[in-house]
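This report describes a protein model for a reader who is new to structural work. Please look at the sequence and the structure together before reading on.

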Amino acid sequence: MANYVWWFTVAFISCLSMQKPVVSNPQTNLLNTGCSSYNATNLPDFFRRLNASFNDLRNQLSKQNKRFATTQQSLYAMVACRKYMSKADCVSCFDAAVFHIRTCGSANGARVIYDGCFLRYESNNFYQETTGQGNAEFCGKRTASQRHALNHVALELLNDLSTATPRISGFFAATKMKAAGVTVYGVAQCAETITESGCQDCLTKAYTNIKGCLPKYTEGRAYDGACFMRYSNRAFFADNEITDITQFLGGERSSNKKKAVIGGVVGGVGLLLIVLAVFLSYRLSRKPQAAERGNILGATELRGPVNYRFKDLKIATKDFNESNKLGEGGFGDVYKGTLKNGHVVAVKKLAMVSSRAEADFETEVRLISNVHHRNLIRLLGCSNKGAELLLVYEYMENGSLERYLYGDKKGMLSWKQRFDIIFGTARGLAYLHEQFHVCIIHRDIKSSNILLNDEFQPKIADFGLVRLLPGDQSHVSTKFAGTLGYTAPEYAIHGHLTEKVDIYSFGVVVLEIISGRRSNDMHIETEYLLEQAWKLHETGIPVKLVDETLDVNEYNEQEVKKIIEIALMCTQSPPNLRPSISEVVVMLLSDCSTDRRTPSRPAFVSMDKITMVDSSMTTGSSASNATNTFTDITGR
């Protein structure tokens, strides 16, 4: 009976909004939605309180002409409209959000974020929350033609907004900036229930995230638990809604402007110092504080992992038929599956699962499923009730990157696509290392673990699965072909694990993307890809590493040189010489040459030998113990 009342209420609210005249622009472009994985118990009482909450919020928007409202009906709810919106637009955006959030059914928490408004409810008080694991950017689809100018103006504008907005009553500002023939519009908003410092913290993280859309895209948004930021080269609010933020900037404007210029077109005599300053500033801003890492936004970031029935997945994969097999690796085989509703998924049968992991399987899966980024494969759910432990992922039609580098699709990727894959992979790693509420070290970054969507954008797979391996097992061994070509020496030999292990692997993958060669393929006699890249760099002709299938008119030699140098920096030893992944992101975006950060000779691990050049990595007892795995150990 409760469900009938619920759907009747939805239909009634929809009819009310349909009877209103057409409004100008409620800005209901959907950015994010999430439902709690926990359901309410007393459904009639829950829906009664939920309906009362939505009615109260709507009354505050329509009758009291508010743009921000909260209510508490034994249930906590909040709505925020952008303050440049008319009352009619705000109410229409709210009505759309209510209709959308109802699809969460009896979930005891949910949220919906549109361009024009934000709606959230929880069973617990979340009004003081600022940042959390669900923060992300949302980039537009239009690419910029004047990238350098857009980058310069947008960063300055967003810097000013992040500084001024926390100081403005109501935590809202909309403004625009014009320079170098480019006009950029921007808005920033925080929930009015948090403090000024909380607003500043939230917008600082939002500013860091939204930079991921620049300079490529003409518009971008960033959202978090209690704030929203947006920029566009097209007007999305009227000029009479512009906020004068200059009085809230004070003496900090010149300082912020310098930071924005650094992120855009950088030049001058102090180039090295400027770039180093950007690296430090960027990394510090990307690294969540300890308190923030523990502040999870309730249960509304994602719907949570779905519990699939083993027999349904068995049917979907045709009893895990070989014809449906997509690939195999150290964590298990992957099969294509078609569910009863027609959705196509990828099903992984986990191998070598530890006894601890079996006991904590649901906890570990819940952690992985909360990782949400455009460059990371989405874990949809799992099955642990049958004969196997299964993970269900979103399906990538284009398969793995290795197919397009040295497989059946070799030669199909353009230079632009290759650069986008490099950049997107770096962004995905930055999220795992520095933006998620716990640091996740992948440990197995390689071309086969980078999948491509329909637009050839990369998505990293198999992150977090190392938690499910037995404690005494290592997936770095000759059993898994190709892995050692990507593995950092300090991890392969000594077992030393830090984020820099992933940085090393990323550097090798970058060289594969540029060359179209597998890392362990021989070039001449005993020369592997990393060795060849270093020799070409030393002789000043790194461009000879470029895949011969690429048209020479597609790429710029200086850009190729810069990216190869970045890859070589990533493979240096000892590990502290390698840049962080956020530094790599900045270097990839920068127009500056990396000449002043000359990489040193990399350390190299292959299937049949280890070549080390750093004195801190000796062939002593630890290395000798590795001879069961590595047949030859040499130094030079």
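Which residues do ring pairs link into a cluster? In this predicted model, the cluster consists of Phe46, Phe47, Phe54, Phe94 and Tyr121, linked by ring pairs. The structure as a whole holds 16 aromatic pairs.

**Aromatic pairs**

A pair of aromatic rings is described by the distance of the centres and the angle of the planes. Two of the pairs are set out below.

| Pair | Distance between centres | Angle between planes | Arrangement |
|---|---|---|---|
| Phe126 and Tyr127 | 5.2 Å | 70° | edge-to-face |
| Tyr404 and Phe456 | 5.4 Å | 90° | edge-to-face |

Tyr404 belongs to helix H12 (residues 401–406), while Phe456 lies in the loop between strand E17 (450–452) and strand E18 (458–460); the pair therefore ties together parts that are 52 residues apart in sequence. Tyr404 is buried, with a relative accessibility of 3%. Phe456 has a relative accessible area of 18% and is also buried. Because buried means under 20% relative accessible area, the value of 18% for Phe456 falls within that class.

In the other pair of the table, Phe126 and Tyr127 are both buried.

**Overall make-up**

The protein has 636 residues, of which 58% count as buried. Its secondary structure comprises 19 helices and 21 strands. Of the contacts between residues at least 6 apart in sequence, 70% join residues that are at least 24 apart. The protein exposes about 26,300 Å², and carbon and sulfur atoms supply 50% of this area.

**Backbone details in loops**

Most residues other than glycine have a negative phi, and most peptide bonds are trans.

Gln27 has a positive phi of about 55° although it is not a glycine. Gln27 is in the loop between helix H1 (2–18) and strand E1 (30–35). Ala180 likewise has a positive phi, near 50°, and is found in the loop between strand E7 (172–179) and strand E8 (182–190). Are these residues buried or exposed? Gln27 is buried, with a relative accessible area of 8%, whereas Ala180 counts as exposed at 55% relative accessibility.

Cis peptide bonds also occur. One joins Leu214 and Pro215, with omega at about 0°; Pro215 is in the loop between helix H5 (196–210) and strand E9 (219–223). Another joins Ser573 and Pro574, with omega at about 5°. Pro574 is placed in the loop between helix H17 (557–570) and helix H18 (581–589).

**Confidence of the prediction**

The pLDDT of the protein averages 79, and 75% of the residues score at least 70. Over residues 470–482 the pLDDT is below 50, and this stretch has 28 contacts in the model beyond near neighbours in sequence. Residues 607–636 also have a pLDDT below 50, and that stretch has 58 such contacts. Where pLDDT is low, the predicted coordinates should not be read in detail.

Key
Residues are numbered from 1 along each chain as its sequence is written. This is a predicted model: local features need pLDDT of at least 70, side-chain atom pairs count only at pLDDT 80 or more; totals for chains, interfaces and linings use all residues. Side-chain values use heavy atoms; hydrogens and water are left out. pLDDT is the predictor's confidence in each residue, from 0 to 100. Contact means heavy atoms within 4.5 Å. Helices (H or I, at least four residues) and strands (E, at least two) are DSSP runs, numbered from the N terminus. Buried means under 20% relative accessible area, exposed over 50%, partly exposed in between (1.4 Å probe, protein chains only). Accessible areas come from the Shrake-Rupley method with a 1.4 Å probe; for residues, only the protein chains shown count as cover. Rings of Phe, Tyr and Trp (its six-membered ring) pair if their centres lie within 6.5 Å; planes under 30 degrees apart count as stacked, over 60 as edge-to-face and the rest as tilted.
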